[in-house]
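Thanks for making the time this morning.

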2 protein chains.
Amino acid sequence: METDFVARLLARIPADPRLEVPPGDDAAVLRPPALRRTVVTVDMLMEGTDFVLGPDCPPRAVGHKALAVSLSDLAAMAARPEAAFVAVALPRHGGDALGRGVEEGLLALAAEHGVAVAGGDTNAWDGPLVVSTTAIGSVAPGRAWRRDGARPGDLVVVTGPCGGSLLGRHLAVVPRVREALHIAAHFDVHAAIDVSDGLSLDLGRMMAASGTRGVVRTAAVPIHADAVRRAARDGGTPLDHALGDGEDFELILALPAAEAHRLVAAAAAPPLGLAITVIGAVEEGAGLVAEAADGGQSPLEPRGFVHAFDS
Amino acid sequence: METDFVARLLARIPADPRLEVPPGDDAAVLRPPALRRTVVTVDMLMEGTDFVLGPDCPPRAVGHKALAVSLSDLAAMAARPEAAFVAVALPRHGGDALGRGVEEGLLALAAEHGVAVAGGDTNAWDGPLVVSTTAIGSVAPGRAWRRDGARPGDLVVVTGPCGGSLLGRHLAVVPRVREALHIAAHFDVHAAIDVSDGLSLDLGRMMAASGTRGVVRTAAVPIHADAVRRAARDGGTPLDHALGDGEDFELILALPAAEAHRLVAAAAAPPLGLAITVIGAVEEGAGLVAEAADGGQSPLEPRGFVHAFDS
């Protein structure tokens, strides 16, 4: 199965002690780290939906994004990345050059995070580019961050400003892997999720999984400059864009109040170097409410990207 | 990420002790079996290339095939299947019904092999159906079957007749999972690969990886009735089709001669119940040669399915 794209990719990977069998066999054989759980996530990116190839999006950016979104999922579990696999459907015409670009972006990010690219599946067809990534991580037993652990009294923080990622940041995804591992080692986090589909939509998912209500202090939501630009260009308020645009790939965390304050205070300095902000709190109940600066509350409808079918 | 297809899929999965975190989080958390390696394979199937939806190929057959080809890769490593993940790109129009069919085929096969379906990624787009499957298995350290272990003096066997799978068998794939586990437990196998792209092409890969030459006794190659039908319809000899059609998903094994004979003798009876055939031998050298009934040898060009690019 490993001709062309994957064969070339694997030929460029340095030998890795985590692989028991050299890459290129029917499947990869990984030595799981002793006494750790195996964390697995898969993502699929399709040309025309998740990216539009062109001057602003070279194939290299697609390779980067494909692995980055999966690493962001691992970060949201506080898992250490170990290995990655990539299956591609390349257009029959021009697919070889496209594949080489995808490879560059993917390998650069894999090297940055110490990920062993261990296998894949190459396909050619008459359709557009499709890239599916599988990322494997590890975490100590019982230490994975879950989305169902938020408790009333927790505060909710986000690791960076949101909104307007479509202006370019949705490609240059910076998965919060190292940050998540540092936070997990030093702070008591009750629940976590990454902002893939929208800050309010993903927070709503955390609240639904936890059986709690999220109170969002709208004045405290960190708004990215891109959200302001998108609001000026496409309408809506910057806050709307921050709450609903998605693909920010920041982390939403729920922590006990004292831990949240400690994290915010520590975040700006190394090794984190992040602008972490308290954006709200967890209460008994369900759903989301927006809390204005004067304390007035109103229902907040989770918004974000959902895959729609017309039948 | 888990809306629609994946959410529905996961809701139908019985609780599984191998999963530390309930399905539906940012990633799955698996408890790897103690003292075993983790085996990982990914495959992508695209509508129009790997299957053509229609009366002969309902969506259920696509779900079956998507998981079956990955399980066949695990079988070729003598790995026990543990978990599976599925990423789909569903056509925006009609994709929901299509997804339900895919789900049925996938879940039925997963249940048959005790595989925990543990996560995935749902996408909708204006393109055709794409399904990417990740299968996770386990194997004892140093016990995975590799393709690079064939040695001069070994015999080569195949677990069933080949050729003509395009007439329908390429959809109704029967992954040789249980058979592989039984053989691995009772016989000394030096090398293995599954017949995905073509009996001669995949045997050629085993020989190339092992640094050996394969001698194929052409009169001994088990020819499927479908290969005879395809030869009558589309030309070529039945042997050509057996050697080059691919998607048979039988296993090619290289074993010491005595082990090969013992395996062939045992195979027809339960628990194997397979028509395993010696099709040739491993020699020093490189490439493949065909050996006729009279002992005459000629070069054998590996043939099968390769993904072609036009640039």
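Before the sheet itself, a word on terms: two strands are said to pair if DSSP finds at least two bridges between them, and strands (E, at least two residues) and helices (H or I, at least four residues) are DSSP runs numbered from the N terminus. Please keep in mind that this is a predicted model, in which local features need pLDDT of at least 70 and side-chain atom pairs count only at pLDDT 80 or more, while totals for chains, interfaces and linings use all residues. Residues are numbered from 1 along each chain as its sequence is written, and chains are lettered from A and ligands numbered from 1 in the order in which they are written.

With that said, 5 strands form an open sheet with mixed pairing, and the order is β4(A)-β3(A)-β5(A)-β2(A)-β1(B). The edges are taken by β4 of chain A and β1 (28-30) of chain B, each of which has a single partner strand, so one side of each is left without a neighbour in the sheet. Neighbouring strands are turned by 20° against each other on average, direction ignored; for angles in general, axes are lines fitted to C-alpha atoms, for helices over the stretch in contact, and the values run from 0 to 180 degrees between N-to-C directions. Within this sheet, β3(A) and β5(A) run antiparallel and are joined by 9 bridges, and A89(A) has V130(A) of β5(A) as its bridge partner.

Which helices pack on the sheet? One is α2(A), which touches β2, β3 and β5 of chain A and whose direction makes about 35° with that of β5(A); another is α3(A), touching β3, β4 and β5 of chain A, with a direction at about 170° to that of β3(A). Contact here means that the C-beta atoms of two residues, placed from the backbone, lie within 7 Å.

Helix α3(A) also packs with α1 (residues 4-11) of chain A, at an angle of about 35° and with the axes 10 Å apart. From α1(A), the contact uses D4(A), F5(A), R8(A) and L9(A), and from α3(A) it uses D96(A), G99(A) and E103(A).

Turning to the domains, whose bounds come from an automatic or database domain assignment, chain A is divided into domain 1 (4-139) and domain 2 (154-299).

Finally, how many residues of chain A are in contact with chain B? There are 64 of them, in contact with 64 residues of chain B, and β2(A) gives the most to the chain A side, with 9 residues. Part of this meeting is strand pairing, in that β1(A) and strand β2 (residues 37-46) of chain B run antiparallel and are joined by 3 bridges, with A28(A) standing opposite V40(B). Chain A superposes on chain B by a rotation of 180° with 0.0 Å of shift along its axis (RMSD 0.0 Å), fitted by least squares on the C-alpha atoms of residues with pLDDT of at least 70 in both. The two copies are therefore related as by a two-fold rotation axis, and the same surface serves both, since 100% of the contact residues of chain A recur in chain B.
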